[in-house]
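Subject: Structure handover

Hi,

Here is the structure I promised to pass on to you. Please have it open while you read, as my notes follow below.

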Amino acid sequence: MTVIVEPTGIAPGDVAAVARADAQVAISDAAIAAMQASRAIVDDIERDGRPVYGVSTGFGALANTFIAPERRAELQHALIRSHASGVGAPMPREVVRAMMLLRVRSLALGHSGVRPLIAQALVDLLNHDITPWVPEHGSLGASGDLAPLAHCALALMGEGWVLGKDGARLNAADALHAAGLTPITLSSKEGLALINGTDGMLAMLLLACDDLGHLCTMADVTASLSIEAMLGTDRPFHPSIHEIRPHPGQGASAANMYRLLQNSSIMDSHRDDMAHAVQDAYSMRCAPQVAGAARDTLEFARTVAARELVSLADNPVVLPDGRVESTGNFHGAPLGFAADFLAIAAAEIGSISERRVDRLLDVCRSRDLPPFLSPDAGVNSGLMIAQYTAAGIVAENRRLASPASVDTIPTSGMQEDHVSMGWAAAKKLRTVLDNLTSLLAVELLAAVRGLQLRAPLVPSPAGQAAIAAITPIAGEPGPDVFLAPVLEQVRAVVAGTTLLDTIESKTGRLA
């Protein structure tokens, strides 16, 4: 597919398509016209000699320093070189590709005063699969993601580094030459327009929303399988229970779980047994309330991201009436808050998942399952240490759920005296989601073990699909095996869509 960048913005799905599926990118004629119109205003300012921040002045604390016309192109190049000052490991390819697309989107809105060739140069990098080397440390979310975006802009100039296919660091000039691309020369305002904005944190937030949407559904699946394996009841998930507390996410998760637990001979085996049907533990009974609250948080974050997708976070901005105004729209607080809130929600999904794993493994609470889900406990430890792993990950996620956006460090000679830390909030959110994937993998493995041990009772269609997916990886319950590669493969099942697609083919579409 090809993503067409319009002067009205792009859709969240476009970002994932370019970042993860290598979709091609093109700029519409309307977007080119919008950029040409805003550039004409900057050219008029240059001719008139008016003092305008970022055009004829320095930056940040140097905003009152006048720059002579003959040095303004030099100013823009110097800006990129000085601001490309990040350190650390490179950001993942998908994040950098999303950042570049979002910067094209920002320029195409027609309020940044750049020539269309600047946006096209970013498009050329994307379409030739050239990914700038963007170090993980450098952004405070002050004036947006200055350092990360400067590393992207530096590659356009044929300077700095790009990320090789094998992860190696290559010279940008060599990569451009190999692709038949020519380094660009910046004009007034263009260097600043390439780096002032929230594209890095927005890129990570959009990709995180995409990931968490899938993981919320998978969390409903693993919770249902655990409840089925522990002879829990489906009564707390009946729609009538959630109509009286109408949180949308809660209702969606409960509906998923109720549907997943139907047509199960395991559930039918104890449906009228009051010992099993009165009250399950909170980690079972309250699963929709926790996962549902996370779903509602995700909708909030999606709303914030959607607003930012049609926002102009550049500074200064070129307005149609000829004014060039300094703004504070680059401040990342909206995105930082959303990312921190999502980290809290995702950490809680993982926390309650680990509690269900613990119950599955505990002979005193698992309702007649063997200790640690081992048929020969004692000589064998079963999934005992898999739960240790989950517990350690939960502890890490709790630390990562501490909000970054409540922090601030003044910079630029106190000109930028309050920063958002939105980049840090979004970056640690990615780690939380990666950890959540591992936690759900431990629960999926444990739940399938439990269902296998309920034989000859036949589980729900979802349970049958899970057993069919996991048994080739983990085998039947029996002597202990090397678990690390098993967990890696089960983790890939959680992250992928094959199991979910199979379940939905049997149960209908899940929310």
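Leucine 319 is partly exposed, with a relative accessible area of 21%. On the scale used here, buried means under 20% relative accessible area, exposed means over 50%, and partly exposed is what falls in between (1.4 Å probe, protein chains only). Leucine 319 sits in the loop between β8 (317–318) and β9 (324–325). Helices (H or I, at least four residues) and strands (E, at least two) are DSSP runs, numbered from the N terminus. Leaving aside residues up to four places away in sequence, leucine 319 touches Ile41, His111 and Glu325, where a contact means heavy atoms within 4.5 Å.

Two notes on provenance before I go on. This is a predicted model, in which local features need pLDDT of at least 70 and side-chain atom pairs count only at pLDDT 80 or more, while totals for chains, interfaces and linings use all residues. Residues are numbered from 1 along each chain as its sequence is written, and side-chain values use heavy atoms, with hydrogens and water left out.

Now the overall picture. The chain has 21 helices and 9 strands, and its C-alpha atoms fill a box of roughly 85 × 50 × 40 Å along the principal axes. Of its 511 residues, 57% are buried. Among contacts with a separation of 6 or more, 79% are between residues 24 or more positions apart. The accessible surface comes to about 20100 Å², with 56% of that belonging to carbon and sulfur atoms; the areas come from the Shrake-Rupley method with a 1.4 Å probe, and for residues only the protein chains shown count as cover. As for charge, there are 39 positive and 54 negative side chains, and the centres of the two sets lie 2 Å apart. Lys and Arg count as positive and Asp and Glu as negative, with His and the chain ends not counted; each charge is placed at NZ of Lys, CZ of Arg, CG of Asp or CD of Glu.

Next, a sheet. β4, β6 and β7 form an open sheet of 3 strands in the order β4-β6-β7, with antiparallel pairing. β4 (131–132) and β7 (169–171) are at the edges with a single partner strand each, so one side of each has no neighbour in the sheet. Two strands pair if DSSP finds at least two bridges between them, and 2 bridges join β4 to β6 (residues 161–163). Threonine 131 has leucine 163 in β6 as its bridge partner.

In α6 (residues 146–156), 11 of the 11 residues are buried, including His151 and Cys152. Just after α6, glycine 158 takes a positive phi of about 75 degrees.

How are the buried residues of α21 arranged around its axis? In α21 (residues 498–507), the buried residues are Leu499, Leu500, Ile503, Glu504 and Thr507. Seen down the axis, they fall within an arc of 130 degrees, so they line one face of the helix; the arc is that of the directions from the helix axis to the C-beta atoms. An α-helix has 3.6 residues a turn, so residues three or four places apart point the same way. The face turned away from the buried side of α21 carries the exposed residues Thr498 and Ser505. Cover for the buried residues of α21 includes α9 (199–229), α11 (248–260), α18 (422–453), α19 (461–474) and α20 (483–495). Just after α21, glycine 508 has a positive phi of about 95 degrees.

Most residues other than glycine have a negative phi, and most peptide bonds are trans. Here, a cis peptide bond joins asparagine 315 and proline 316, with omega about -5 degrees; proline 316 is in the loop between α15 (287–309) and β8. Another cis peptide bond joins alanine 455 and proline 456, with omega about 15 degrees, and proline 456 lies in the loop between α18 and α19.

Arginine 367 has a positive phi, near 60 degrees. This arginine 367 is in the loop between α16 (333–361) and α17 (384–400), and it is buried, with a relative accessible area of 19%. Methionine 421 also has a positive phi, near 60 degrees. Methionine 421 is found in the loop between α17 and α18 and is buried at a relative accessible area of 9%.

Best wishes
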